[in-house]
Amino acid sequence: MSALIAATSCDEGRLYDKEVIVTGEGGNARVTATVTAADSWTEGYTLAVAGFEDGNEFALISKNIGTLDADGKCDVVLTGIPAEVSTVELCAIDRLRRRVATFASAPYAAGGDTVRITASETNLSMSAAIQQEIFNTTCTQCHGGSNYAAAGLHLTVGMSFAEMISVPSVKVNGKNRVEPGSSSQSVLFMILEGNTSAEWNYDHSVEVVRQEKLDLIRNWIDGGAKL
């Protein structure tokens, strides 16, 4: 099982139903998990159990995790998994059924036994997705991952959000690093989406080039930058 974490705008093509279940022949998977912060996602995203083929970010089959019980537990059975699927994941997908974040996964092979994934105390929040998919993979090399934090900003686990949300920028006067509710006024989004940092030592707009990742940050901030 691996733990990982992405988003997209709704103007990139056809919109699909949130849940796609293939009936008839195919394999099965069962995901049992205890999760937190499942309600932190903004409109346009779905938490689901989904099947993906290698090299394809779009789910071939998916089933929403549904309503959690009082303890945050879910038990989802995905049936009719196509033979093309190579991994089954507990994940977040967008309106296009594109993978945004993967919280737990297991390999899938057609004709095998039911794939079982068990996860406990799994944080499904948007902020956890951003930390995992963007900060950990892209930003920490310069911001705290090697005992150095450019601009005094640590984007490592346990420090990133405390040092960003409603914290004044040391580079752009009069603006916060993250202004909850307004991505356009947040330095984090400004430097990733545009050329605000072009005159600094490094142009940050070259780091996050995939639109779904930019959208993830934008939607998280506009939704209140919830943890």
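Predicted model: local features only at pLDDT ≥ 70, side-chain atom pairs only at ≥ 80, totals over all residues.

Q: How many residues are in the largest nonpolar core?
A: The largest nonpolar core has 53 residues. W41, F135, L216 and W220 have the most contacts inside it.

Q: Which helix gives the largest share of this core?
A: Helix α1, residues 126–139, with 6 residues.

Q: What is F135 in contact with, leaving aside neighbours within four places in sequence?
A: I130, T140, L155, S160, F161, M164 and L188.

Q: Which residues does the second, separate core include?
A: That core has 6 residues, among them A48, A50, C91 and I93.

Q: Now sheets. What is the order in the open sheet of 3 strands?
A: The order is β4-β1-β7, and the pairing is mixed. The twist averages 15 degrees from one strand to the next.

Q: In what sense do β1 and β7 pair, parallel or antiparallel?
A: Parallel, over 7 bridges; β1 spans residues 27–36. A29 has V115 in β7 as its bridge partner.

Q: And what is the order in the open sheet of 4 strands?
A: β3-β2-β5-β6, with antiparallel pairing.

Q: Why is one side of β3 and of β6 left without a neighbour in that sheet?
A: Because β3 (61–64) and β6 (99–107) stand at the edges, each with a single partner strand. Here the twist averages 25 degrees from one strand to the next.

Q: Over how many bridges do β2 and β5 pair?
A: 7, in the antiparallel sense. Strand β2 covers residues 46–52 and β5 covers 87–93. The bridge partner of F52 in β5 is T87.

Note on methods
Residues numbered from 1 in each chain as written. Heavy atoms only, no water. Core = buried A, V, L, I, M, F, W, Y, C linked by side-chain atoms within 4.5 Å. Buried < 20%, exposed > 50% of the residue type's maximum accessible area, 1.4 Å probe, protein only. Helix = DSSP H or I, 4+ residues; strand = E, 2+ residues; numbered from the N terminus. Contact = heavy atoms within 4.5 Å. Pairing = 2+ DSSP bridges. Axes fitted to C-alpha atoms, helices over the stretch in contact; angles between N-to-C directions.
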